[in-house]
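Trainee: Could you take me through the salt bridges in this model, and then through a couple of the buried polar side chains? I would like a close look with the cut-offs spelled out.

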Amino acid sequence: MTEFENLVVGGCSFTEKSVWALYLEHCLRPKKYLDCGFGGAGNYHISRSVHWALECNNLQPEKTLVVIMWSGNDREDEIGR
């Protein structure tokens, strides 16, 4: 077990319902699991979606593990800027 009660993952299609994220969920068995992965997302979208999930769910920082798989630096986000 771990001291983390919450697991938040973010990234592009390599995160959305991905093996590595589900493996972490399986190993850590958090009370709350949030997958913010989204296919085609760039780094701006990834950072904003994780930030939004943390704020909207009022998760305690000391009990929350955030893991992000960043996208390519050349990927441009066109929505939300």
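Mentor: Happy to. A salt bridge here is a side-chain nitrogen of Lys or Arg within 4 Å of a carboxyl oxygen of Asp or Glu. Please keep in mind that this is a predicted model, where local features need pLDDT of at least 70, side-chain atom pairs count only at pLDDT 80 or more, and totals for chains, interfaces and linings use all residues. Residues are numbered from 1 along each chain as its sequence is written, and side-chain values use heavy atoms, with hydrogens and water left out.

Searching the whole structure turns up two salt bridges. In one of them, the side chains of Lys31 and Glu5 meet with N and O 4.0 Å apart. Lys31 sits in the loop between H1 and strand E2 (32–35), while Glu5 belongs to the segment before E1, so this pair ties together parts 26 residues apart in sequence. Helices (H or I, at least four residues) and strands (E, at least two) are DSSP runs, numbered from the N terminus.

Glu5 also forms a salt bridge with Lys63, where the closest N and O atoms are 3.6 Å apart. Since Lys63 lies in the loop between helix H2 (43–57) and E3, and Glu5 in the segment before E1, this pair ties together parts 58 residues apart in sequence.

How accessible are they? Buried means under 20% relative accessible area, exposed over 50%, and partly exposed in between (1.4 Å probe, protein chains only). Lys31 is exposed at 71%, Glu5 is partly exposed at 27%, and Lys63 is partly exposed at 28%.

Now for the buried side chains. Thr15, in the loop between strand E1 (6–11) and helix H1 (19–28), has a relative accessible area of 0% and is therefore buried. A polar atom of the Thr15 side chain lies 3.4 Å from the backbone oxygen of Gly10. Leaving aside residues up to four places away in sequence, Thr15 touches Val9, Gly10, Trp20, Ala21, Asp35, Gly37 and Met69; contact means heavy atoms within 4.5 Å.

Ser71 follows strand E3 (64–69) and is buried at 11% relative accessibility. The side chains of Ser71 and Arg75 make a polar contact of 3.3 Å. That term covers a pair of N or O atoms within 3.5 Å; within protein, one must be able to donate a hydrogen and the other to accept it, and residues adjacent in sequence count only if both atoms are side-chain atoms. With residues up to four places away in sequence again not counted, Ser71 touches Cys12, Ala41, Gly42, Asn43 and Ile46.
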